[in-house]
Amino acid sequence: MELCSLCSEGGESFLLKGGLVCYPWGFQKGDLFFGRSIGSLDDIPQARSNLTSINCDDVIVSPGFVDIHVHGSDGGDVMDGSLESLETMARSMIPTGVTSFIGATMSYPLSSLEEVLSVAAKYRREQLPYNGKAVLLGVHLEGPFLSPFKAGAHIPGYLIDPDPDFVISHRDIVKIVTLAPERDGALSFIALLKSVGINISIGHTVCDYDKAMSAIALGASGFTHLYNAMSPMGHRNPGAVGAAFDSRCWCELIFDGVHVHPAAIRTACKAIAPDRVILITDSIRARGLGDGSFDLGGLTVKVTDDRAELPDGTLAGSVLTMIKGIKNAVEWGALSLHQALNGASLNPAKYIGDDTIGRLERGCKGDVVLIDRDTLSIQGVFVGGELSFCSEWLKSRF
């Protein structure tokens with residue numbers, strides 16, 4: 001598959017005929033009409049002069065995927081602090097079905113993070129909404145407010161207590177903050193972030209069940225890559241994982257078969273309910289580049305057979321794509337196909353409070369993914385009504 005030479009330029013509208021359309025409530029075979037936004041079939045007569053019809057009777061029509069936790073891809077990384085790297089990431093996500101994303105940071109000194117956030121804010125302000133690129137929604141500040149005892153691939157020496165002034169000064173670009181609730185000042189910090197509309201996710205923590213539940217009561221509403229880098233669930237000490245199971249929080253999960261065993265994935269999906277599962281990739285710059293050694297947050301990561309780890313064996317992000325995560329969720333019996341697609345689109349959009357993406361309802365953005373019903377492979381991707389990616393199969397339909 002390749003970027004489509006037939007890419008529209010924003011003024012075209014499309015009628016997808018006879019596809020299996022993924023709505024929030026279920027699948028329905030039928031037609032979907034859209035341009036820059038999803039329209040009604042009643043609007044078609046006004047668009048006849050610039051309307052392209054595509055027979056979709058053998059494909060699934062899904063909302064564009066929303067990845068709220070991605071560090072890098074195809075050689076680009078958020079921590080590069082460059083517009084070029086963000087552009088590389090945005091382009092590389094389109095063939096995987098991701099039409100919107102939140103770039104995740106690593107733990108660095110605040111002075112370095114200042115530059116990273118400033119560049120991301122500039123990119124977001126100036127990015128063109130189309131031209132074959134996924135849209136940067138903001139930044140997921142994964143660190144430095146983490147526990148050194150659950151640092152994972154973060155450098156322990158950079159981990160600090162929450163700094164409210166720093167985050168509030170960048171609230172235009174920060175969408176999610178991951179933190180360890182046991183750090184000094186964390187609970188008041190949570191209440192402050194909630195008051196300004198920033199999502200708080202519990203992660204990289206050794207907190208016990210009670211501390212996690214206190215954080216949730218004050219406004220924490222998510223868990224960062226559930227199971228990984230957090231206190232496990234025991235029958236006497238439920239830990240952070242137990243709090244996730246016992247709450248109605250949103251829970252990120254990495255469906256790569258490396259970070260979490262499929263059996264534990266199935267358990268989580270039953271415990272927290274599919275409508276709170278969020279599929280993420282947690283991908284790093286190595287994704288799409290094959291095996292080798294790569295930088296992640298100042299550390300060297302070796303990728304071998306789709307496993308990314310530090311020299312001591314610590315897992316360090318992934319090379320997972322969202323569509324592969326969806327396939328795994330279905331193959332492992334953790335989620336139905338509809339639930340998995342919602343977990344990659346509707347659920348993350350609801351978590352961050354964006355009702356313009358993640359669903360195929362009138363007035364929502366024209367972000368649409370065409371998926372082969374048999375192979376679950378990506379056949380076409382539209383961003384804001386622009387055809388940005390297509391397979392040979394889709395080209396043959398024009």
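Helices (H or I, at least four residues) and strands (E, at least two) are DSSP runs, numbered from the N terminus. This is a predicted model, in which local features need pLDDT of at least 70 and side-chain atom pairs count only at pLDDT 80 or more, whereas totals for chains, interfaces and linings use all residues. Residues are numbered from 1 along each chain as its sequence is written, and side-chain values use heavy atoms, with hydrogens and water left out.

**View A. E392 and K395 meet in a salt bridge (a side-chain nitrogen of Lys or Arg within 4 Å of a carboxyl oxygen of Asp or Glu).** The N to O distance is 3.5 Å, and both residues lie in helix α11 (residues 392–395), three residues apart, about one turn of the helix.

**View B. E87 forms a salt bridge with K133.** The closest N and O atoms are 3.2 Å apart, and the pair links distant parts of the chain, with E87 in helix α1 (residues 83–93) and K133 in the loop between α2 (110–126) and β9 (135–142), 46 residues apart. At 6% relative accessibility K133 counts as buried, whereas E87, at 23%, counts as partly exposed (buried means under 20% relative accessible area, exposed over 50%, partly exposed in between; 1.4 Å probe, protein chains only).

View C. F14 lies in strand β1 (residues 13–23) and F382 in strand β19 (residues 378–383), so the pair ties together parts that are 368 residues apart in sequence. Both F14 and F382 are buried.
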